[in-house]
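Reader: I am new to protein surfaces. Can you take me through the pockets and patches here?

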Amino acid sequence: MSSSPGYRPLTKVLHWSAVVAFAVQFAVGYALDASESGRGRGRGRGRGEESGHGRGRGRGRGGDGYEPFGEDALLTVHVLVGALVVVLGVARLLWRRRTDLPPWAPTLTAFERRFAHRTEVALYALTFVVPVTGVLLLASDDDGLLWAHVTAQVLFLAGLACHVGPVLKHRLVDRDRLLRRML
């Protein structure tokens with residue numbers, strides 16, 4: 001059993017806040033994409049000459065592009081939660097640079113330590129890449145950059161699997177207390 005110290009309380013709060021924000025962000029994003037109104041779909045699914053443009057942001061109301069707090073509440077929530085993800089990402093990076101991490105859990109192999117570090121770096125980067133590609137998608141007023149946003153999401157989910165997988169292995173197979181360090 002590992003008796004190594006855990007993470008500081010603020011580290012845990014920032015970590016789990018980011019987890020919740022990303023979970024909400026993905027849920028709202030997928031709800032936006034599946035909405036019956038067609039808003040957010042914008043992939044040329046045969047809704048007229050404007051089809052395929054601009055994530056359904058209401059070109060017909062006298063303005064191009066996304067209107068903050070406009071009629072598409074789901075898109076507004078998606079944008080606001082995306083901004084929260086960026087704020088949490090910045091806070092986490094600043095806090096991470098200011099504080100020391102606890103020592104590595106003694107149950108981690110050298111390979112697992114390298115893998116955990118590289119996964120952490122990738123997830124930190126994707127914490128910014130996913131929202132930035134979303135902003136670029138909105139700003140482009142076209143779905144031409146949809147591939148970048150979807151690719152960033154897939155990479156984030158792959159990174160998340162690489163982060164959670166070893167934790168589950170330590171919890172379910174090794175039966176050590178690795179997870180408790182972050183709880």
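This is a predicted model: local features need pLDDT of at least 70, side-chain atom pairs count only at pLDDT 80 or more; totals for chains, interfaces and linings use all residues.

Reader: Which residues are the closest to the centre of the largest pocket?

Author: The largest pocket has a volume of about 1,200 Å³. Its lining counts 39 residues. The closest to the centre are Tyr7, His15, His163, Val167 and Met182.

Reader: How many residues of each class are in the lining of the largest pocket?

Author: Helices α1 (9-34), α2 (73-98), α3 (110-140) and α4 (146-172) each supply at least two residues of this lining. Sorted by class, the lining has five charged, six polar and 28 nonpolar residues.

Reader: Which helix gives the most to the lining of the second largest pocket?

Author: The second largest pocket holds about 500 Å³ of space. Its lining has 27 residues, with Gln25, His78, Gly134, His149 and Gln153 nearest the centre. Each of α1, α2, α3 and α4 supplies at least two lining residues. With seven residues, the one that gives the most is α1.

Reader: Which helix supplies the largest share of the nonpolar patch?

Author: The patch covers about 630 Å² of surface. Tyr30, Leu157, Leu160, Val164, Leu168, Leu172 and Val173 make it. Five residues, the largest share, come from α4.

Reader: Is valine 173 buried or exposed?

Author: Valine 173 sits in the segment after α4. Exposed means over 50% relative accessible area. Valine 173 has 62% relative accessibility, so it counts as exposed.

Conventions:
Residues are numbered from 1 along each chain as its sequence is written. Side-chain values use heavy atoms; hydrogens and water are left out. On a 1 Å grid over the protein atoms alone, a cavity is a set of points where a 1.4 Å probe fits but cannot get out, and a pocket is an open set with protein on both sides within 12 Å along at least five of seven lines; lining residues have an atom within 4 Å of a point. Grid points are joined across faces, edges and corners, and a volume is the space filled by probe spheres set on the points. Helices (H or I, at least four residues) and strands (E, at least two) are DSSP runs, numbered from the N terminus. Ala, Val, Leu, Ile, Met, Phe, Trp, Tyr, Cys and Pro count as nonpolar, Asp, Glu, Lys and Arg as charged, and the others, Gly among them, as polar. Patches are made of residues with over 30% relative accessible area and no salt bridge: like charges are joined within 9 Å, nonpolar side chains (Val, Leu, Ile, Met, Phe, Trp, Tyr) within 5 Å. Accessible areas come from the Shrake-Rupley method with a 1.4 Å probe; for residues, only the protein chains shown count as cover. A salt bridge is a side-chain nitrogen of Lys or Arg within 4 Å of a carboxyl oxygen of Asp or Glu. Buried means under 20% relative accessible area, exposed over 50%, partly exposed in between (1.4 Å probe, protein chains only).
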